[in-house]
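These are my notebook entries on one structure. I put it on the screen and went through it part by part.

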Amino acid sequence: MSCPRVLRLLRGGLPRLGWELARPARGSASAPGAADFNSFVARTNTCGELRSAHVGQEVTLYGWIQYQRQGLFLVLRDFQGLTQIILPQDEAHSHVRKLLSNAPVESVVRVTGIVSSRPPGQENPKMPTGDIEVKVETAEILNSCKKLPFEIKDFIKKSEALRMQYRYLDLRSFQLQYNLRLRSQIVMRMREYLCNLHGFVDVETPTLFKRTPGGAKEFLVPSREAGKFYSLPQSPQQFKQLLMVGGVDRYFQVARCYRDEGSRPDRQPEFTQIDIEMSFVDQAGIQGLIEGLLQYSWPQERGAVTTPFPSMTYEEALADYGTDKPDTRFGMKIVDISDILRRSDVQFVQNALSYPRGTVKAICIPQGVRYLKNKDLESLKESAKSQFNQEVMDMICRPDGSLKSLLTKLLGEEQQSELMRALNVQVDDVVLLAAGEHKRVCSALGSLRLESADLLEAAGMMLRDPTAFHFLWVVDFPLFLPKEENPAELESAHHPFTAPHPADTNLLYSDPTKVRSQHYDLVLNGNEIGGGSIRIHNAEQQRFVLEKVLKEDSEVLSHLLEALEFGAPPHGGIALGLDRLISLIVGAPSIRDVIAFPKSFRGRDLMGNAPDYVTPEELEPYHIQVSWPVAETEAKKN
């Protein structure tokens with residue numbers, strides 16, 4: 001989130017969402033139809049709602065002491081904002097002054113007093129309650145706060161481990177309060193759109209289930225039957241398909257999902273997705289639904305969402321951006337220069353082009369000479385080598401417009417000119433060129449494109465607008481991909497229930513590697529925020545995919561295969577990653593900043609110290625024995 005927005009949060013509380021029920025404006029008492037935050041509780045007002053119209057009223061506020069000054073005043077904070085509290089200086093109320101003056105910061109207090117206008121010249125226009133103050137008459141310390149492990153202020157830097165350990169304190173910050181409340185509002189709007197406007201049914205599906213073939217690794221839960229385990233579902237995929245077989249027609253759920261992915265940065269072992277499935281729908285129908293859903297639930301202060309979203313195929317995304325989740329906020333596209341260099345005598349170029357999928361491609365880094373140092377260019381080339389085993393050559397455009405590179409010595413003037421035109425090279429630009437197998441070259445240059453953007457922005461260039469939101473559909477993915485560990489075998493690019501593209505159905509039985517799928521991903525600013533597909537609804541085709549193509553034991557899915565034989569309707573769906581979506585909307589650096597109680601990047605709960613050991617007696621009903629001295633092993637590690 002930008003600095004001005006953070007300052008607004010600190011000074012005046014939570015910003016109002018465009019479609020949220022309005023809070024009172026400066027100078028007004030209340031907004032008609034506003035949410036009643038004071039129902040069912042002892043306070044008369046929140047700390048964020050008092051205005052000039054309240055002057056003269058007696059009010060009772062509850063909150064945390066944010067700030068104190070020399071026994072003269074304090075600032076009281078609650079979820080909605082801040083109010084300045086003036087301490088009485090007369091002898092009759094000395095006990096109140098002493099009580100509040102001695103209360104530690106972050107103590108919880110009740111104050112009752114009279115709303116007054118601030119003295120002329122002491123108003124704070126940057127604070128929603130900045131026209132008034134409350135002159136306290138009575139007060140009570142409800143709970144005193146011991147010494148804090150860190151200050152409850154957004155601009156105070158804290159280690160993430162400390163924030164995780166004391167998450168209940170971190171949650172008091174305006175930034176996390178804003179994130180969680182925005183998340184709640186967006187989910188509520190999504191429910192309205194899906195259930196009230198389009199007839200979806202909110203159905204809760206089981207958390208304890210069985211292993212699903214393929215996909216991410218699942219958490220196991222022991223049962224009291226020896227050797228038998230439940231699995232925590234990585235998504236409600238099978239259940240939502242079975243709901244379609246059951247005639248529910250339109251299903252949605254704010255679903256908790258689980259993936260045992262180990263130590264992965266910015267991933268969570270448990271996460272939330274907006275899960276959707278529809279009967280009698282095609283790809284365009286799902287896309288239209290999601291575009292309308294996001295448009296309806298989008299916070300107005302983030303700007304309007306324009307539909308329809310642009311779309312590109314998987315092959316186009318890979319060729320132009322080197323990834324299946326392109327960040328389209330900036331250029332620097334990958335350019336194919338194979339035809340220009342095909343006539344050259346450059347040996348490594350000719351070697352690359354001699355292979356069936358051989359190619360030569362390049363990206364142009366604008367003003368790279370001015371913004372990048374030599375060590376940056378070397379780092380980029382080393383990155384391509386270490387991550388993709390891909391050699392990269394650089395070219396620099398001199399002030400006279402000529403190219404400086406080892407390669408240019410082997411090219412004629414005409415080829416150099418063609419190269420510069422194709423890449424739109426300007427003075428001080430840097431070109432990164434790679435030759436080799438198509439996918440590897442594209443992936444390497446796509447990664448360098450993003451790394452270069454980071455370097456340019458770190459050096460001061462404005463490349464990606466942080467306030468812009470660029471949605472993109474990526475479609476026509478391959479149905480299957482070679483397994484990394486054994487390229488001779490295939491795995492599902494999405495999941496095994498994805499239907500083949502109608503034009504490629506015959507290829508499924510003759511050459512499955514060439515089959516496109518009815519799988520679609522939704523990308524926002526280079527992040528995948530959703531993925532879905534039209535499903536296989538024919539039992540025979542589903543069994544063929546599992547047994548013949550993926551070589552999986554179809555018996556594990558016998559219940560689903562049997563269900564497809566009982567008149568399963570054509571159906572499809574999608575899941576939106578709620579955590580990722582909200583983190584992008586608020587500009588959070590990590591999805592952990594939009595989850596109330598997240599795990600660390602190692603999957604641990606540092607506050608509750610989970611996972612934790614259990615005794616042999618507790619394991620006995622589950623027929624489990626730990627076969628090594630765990631305590632001894634852990635002691636050696638520490």
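I began with a pair of helices in this predicted model. Helix 12 (residues 374-388) packs with helix 14 at an angle of about 145°, and their axes are 10 Å apart. Axes here are lines fitted to C-alpha atoms, for helices over the stretch in contact, and angles run from 0 to 180 degrees between N-to-C directions. I took helices (H or I, at least four residues) and strands (E, at least two) as DSSP runs, numbered from the N terminus. The crossing of helix 12 past helix 14 is right-handed; that is, the near helix is turned clockwise from the far one by less than a right angle.

I then listed the contact (heavy atoms within 4.5 Å). Helix 12 gives D376, L380, S383, A384, Q387 and F388, while helix 14 gives R440, S443, A444, S447, L448, E451, S452 and L455. I sorted these residues into six nonpolar, five polar and three charged. Ala, Val, Leu, Ile, Met, Phe, Trp, Tyr, Cys and Pro count as nonpolar, Asp, Glu, Lys and Arg as charged, and the others, Gly among them, as polar.

Two notes on method. Residues are numbered from 1 along each chain as its sequence is written, and side-chain values use heavy atoms, with hydrogens and water left out. The model being predicted, local features need pLDDT of at least 70 and side-chain atom pairs count only at pLDDT 80 or more, while totals for chains, interfaces and linings use all residues.

Next entry: helix 8. Which residues of helix 8 (residues 314-321) are buried? I found Y314, A317, L318, A319 and Y321. Buried means under 20% relative accessible area, exposed over 50%, and partly exposed in between (1.4 Å probe, protein chains only). These buried residues pack against strand 11 (311-313), strand 13 (358-365), helix 14 (438-458) and strand 17 (471-475). After helix 8 comes G322, with a positive phi near 75°.

I went on to strand 17. It is largely enclosed by the rest of the structure, because five of its five residues are buried. F471, W473 and V475 are buried on one side, and L472 and V474 on the other. In a regular strand the side chains alternate between the two faces of the sheet.

I checked the neighbours of strand 17. Strand 11 runs parallel to strand 17, joined by three bridges, and M312 has V474 as its bridge partner. Strand 20 (residues 519-524) pairs with strand 17 in the antiparallel sense over four bridges, with F471 opposite L524. Two strands pair if DSSP finds at least two bridges between them.

How many strands does the open sheet have? I counted eight, in the order 6-9-10-22-21-20-17-11, with mixed pairing. Strand 6 (201-202) and strand 11 are the edge strands, each pairing on one side only. Helix 5 (residues 174-197) packs on the sheet and touches strand 6, strand 9 (250-258), strand 10 and strand 22, its direction making about 150° with that of strand 9. Helix 18 (residues 578-586) lies across strand 10, strand 20, strand 21 (527-534) and strand 22, at about 140° to strand 21.

Last entry: S517, in the loop between helix 15 (507-510) and strand 20. Is S517 buried or exposed? I read a relative accessible area of 1%, so S517 is buried. Leaving aside neighbours within four places in sequence, its contacts include D476, F477, P478 and H501.
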